[in-house]
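This briefing is meant for a reader who is meeting the structure for the first time. Please keep the sequence and the model in view while reading.

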Amino acid sequence: MTSTTHSTAGRPSTTGTTRGTNTGTPPGANTGVGNSSWEEVITTALLGTDRRALPAGLAPAGKDAPVALLDAAAQLTVRRRAGLLPARAGARPTPALHDPRPQLPAAARGRLAQLLAGRSASPTNAGGRRGTAPDLTELLPQWLAAANGRRYQAPAALLPALLDAARSRSDLRPQALSFAGPRGLWLARLNADWRFALRGASGGTALPDIRDTEAVRTLWEEGLFAERVGLLASVRAHEPAAALALLAATWPTERAEDRLMFLDSLRTGLSDSDEPFLEQALSDRSRNVRSTAAELLSALPRSALASRMAGRATTCVSLDRSDRTGDGERIAVEAPHECDADMQRDGISPKPPAGRGERSWWLGQLVECTPLAAWTRRLGGRTAREIVALPVSDDWQEELHAAWCRAAVRQHDADWSRALLGMPSAPPTSGTGTSSLAERSKLLATLPEGERADWVAEFIAAHGLSEAFQLLGVCTVPWAASLGRSVVDALDIARDAGSYPWSFSGVMGLAERCLHPGEASRLEILTTTPDEQEDASPGAGGYWSEAFQRLVGTLRLRAAMLAELSQPGEPPSASPTAEPSEPTERPQGPGSPEASGSPEPPDRPKE
């Protein structure tokens, strides 16, 4: 007989390792509760004795109904437990796979415990002000990225807290599951709350050597979805053709949502050899799969789909030499009048979203999927910068430029991105470049890291920080020295203007996570409270002082975090206090702007 404890809900529960079988009460046993069943007692307790009469035999004379009900429940509980027989113990879980990564240094282990414990704490004080304490919530993604970069394994005792953090914050999951390793995936199988780790993330999987074709094939055919995603990504990174063959072998039997995820992995190492498979995917049953296949094919300038799209788009866009206005040559646009079956097979969506005209919707998709080199041939051999500078007839410029922006992002064309960005010092609403900050941020992502940082630094120097948040979000971390100086100088100017710092809280939060930790000593002078000017907002200087104190404190905490993760004998260039050279990551966290995907199109011309 297993040991038992009282259940808070009135039901019996076992504390042993086995769960037995209820055999009921032996015939003829004197229970004192008549023929009443456990279910009747529970129903009466839930409804209340005022609303439901006691079952027969439970209302002895002289006893209140609630007391009689509780007495009956106690007797039935003993009877049920007396009829519980021991059962066979279940099999023990298979041990987790070995994690060969080194253990965290003791100081780093303590730091991780602090970050996990403080991940849900509010950084504000009782008065609603953030105060000077660093926001630990925003530092956890950066700590995980640094720990993964040094290939440490997660401490076993902290795995539950780490998985809980990843459960509540999807932005943490890739780094958290990679850090959790095979033991984290093993643990997730034992707790339904962590089942997210078993699907859609591959960081916790121990993958076989990609040269072991038999092990790769077995895991691909028998593994969990997360393991298969990780395996396909690993094989694709080393042998793109082998990954494509692996996917093609099981493609007809995969579920639609799985096909979409697997197809997306082909973005890595995408080449002309993928075209036959992607052409077949254009006939897939799933609209999302067809759309992704068309997007990938349009990124291959020599693909048949890109050629078909170019043929359609170039008939809609041409050079107008009539010079009716005296402004010289301009671009004329004649949007398509229908979306035929061939266009739909090639990924053109026939139904526009609310508020969009059909013809402008079709035109934008055609131009977006056309190789950008086709426009040089179509428009008189002009360069990208010269094409973007041409006026466009009949208010089609926003539509055409927005489509070119999406094409430049999709095709990773830096020359077209530079042309569409324009000069950083020019006002966003004028000049030849796009005025959309969303489009600019995505175009910037196609430029080399140094050029990207210099462009944003010059933009901030010319226009301040009010429109810089999205642009800063695509710059790698830590920020380059020129960009860091530009941001700090702009914050200093804003402080001197006498306004409150709340308007710049987003940029200040990015600075806490993205400035190089070595900047802390240079910023110390800004932590003092300046003399209040006559035209300044009341108390603004004190708020700015708190904000800069928090910034300096966060930078120093980041420096300490990286130092704790450093191995003895690491080169000095890895020191967190050294001047930045090559940033390696982008800002992360709930407030980080996204830098991927197609930009949202602006308002379209009326048709």
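The model is a predicted one, and its secondary structure comes to 26 helices and 6 strands. Of the 607 residues of the protein, 46% count as buried. Among the contacts between residues at least 6 apart in sequence, 72% join residues that are at least 24 apart.

**Packing of α4 with α26**

- Two packed helices are described by the angle between their axes and the distance between the axes.
- Helix α4, residues 136–149, packs with helix α26, residues 540–565, at an angle of about 30 degrees, and the two axes are 11 Å apart.
- Because angles under 35 degrees count as roughly parallel, α4 and α26 are described as roughly parallel to each other, and α4 passes α26 in a right-handed crossing.
- On the α4 side the contact is made by Leu136, Leu139, Gln142, Trp143, Ala146 and Ala147, while α26 contributes Thr554, Leu557, Arg558, Met561, Leu562 and Leu565.
- The residues of this contact between α4 and α26 divide into 9 nonpolar, 2 polar and 1 charged.

**Packing of α4 with α6**

- The axes of α4 and helix α6, residues 173–188, come within 9 Å and cross at roughly 40 degrees, an arrangement that makes α4 oblique to α6.
- The crossing of α4 and α6 is left-handed, whereas α4 passes α26 in a right-handed crossing.
- From α4 the contact takes in Trp143, Leu144, Ala145, Ala147 and Asn148, and from α6 it takes in Gln175, Ala176, Ser178 and Phe179.
- These contact residues of α4 and α6 divide into 6 nonpolar and 3 polar, with no charged residue.
- Trp143 and Ala147 of α4 take part in the contact with α26, and Trp143 and Ala147 are also named in the contact with α6.

**Aromatic pairs**

- A search of the whole structure finds 12 aromatic pairs.
- The rings of Trp502 and Tyr543 have their centres 5.0 Å apart and their planes at 70 degrees, so this pair is edge-to-face.
- Trp502 belongs to the loop between α23 (481–496) and α24 (505–514) and Tyr543 to helix α26, so that the pair links distant parts of the chain, 41 residues apart.
- Trp502 is exposed, with a relative accessible area of 51%, a value that counts as exposed because the cut-off is over 50%.
- Phe504 and Trp544 form a tilted aromatic pair, with 6.0 Å from centre to centre and 40 degrees between the planes.
- Since Phe504 lies in the loop between α23 and α24 and Trp544 in helix α26, the pair ties together parts that are 40 residues apart in sequence.
- Both Phe504 and Trp544 are buried.
- Elsewhere, ring pairs link Trp220, Phe225 and Phe262 into a cluster.

- Tyr500 is placed in the loop between α23 and α24, and at 24% relative accessibility Tyr500 counts as partly exposed.
- The C-alpha atoms of Tyr500 and Ala540 are separated by 5.0 Å, although the two residues are 40 residues apart along the chain.
- Leaving aside residues up to four places away in sequence, Tyr500 touches Ser537, Pro538, Gly539, Ala540, Tyr543 and Trp544.
- Thr250 has its place in helix α9, residues 240–250, and Thr250 is buried, with a relative accessible area of 15%.
- Not counting residues up to four places away in sequence, Thr250 touches Trp220 and Arg228, and Trp220 is one of the residues in the ring cluster.

**Backbone features**

- Most residues other than glycine have a negative phi, and most peptide bonds are trans.
- Val477 and Pro478 are joined by a cis peptide bond with an omega of about -5 degrees, and Pro478 lies in the loop between α22 (469–472) and α23.
- Arg151, which is not a glycine, has a positive phi of about 60 degrees; Arg151 is found in the loop between α4 and α5 (159–168) and counts as exposed at 55% relative accessibility.
- Asp394, also a residue other than glycine, has a positive phi near 55 degrees; Asp394 lies in the loop between α17 (384–389) and α18 (397–411) and is exposed, with a relative accessible area of 61%.

Notes. Residues numbered from 1 in each chain as written. Predicted model: local features only at pLDDT ≥ 70, side-chain atom pairs only at ≥ 80, totals over all residues. Heavy atoms only, no water. Axes fitted to C-alpha atoms, helices over the stretch in contact; angles between N-to-C directions. Helix = DSSP H or I, 4+ residues; strand = E, 2+ residues; numbered from the N terminus. Parallel < 35°, antiparallel > 145°, perpendicular 65-115°, else oblique. Left-handed = near helix turned anticlockwise from the far one by under 90°. Contact = heavy atoms within 4.5 Å. Nonpolar A, V, L, I, M, F, W, Y, C, P; charged D, E, K, R; others polar. Phe/Tyr/Trp six-rings, centres within 6.5 Å; stacked < 30°, edge-to-face > 60°. Buried < 20%, exposed > 50% of the residue type's maximum accessible area, 1.4 Å probe, protein only.
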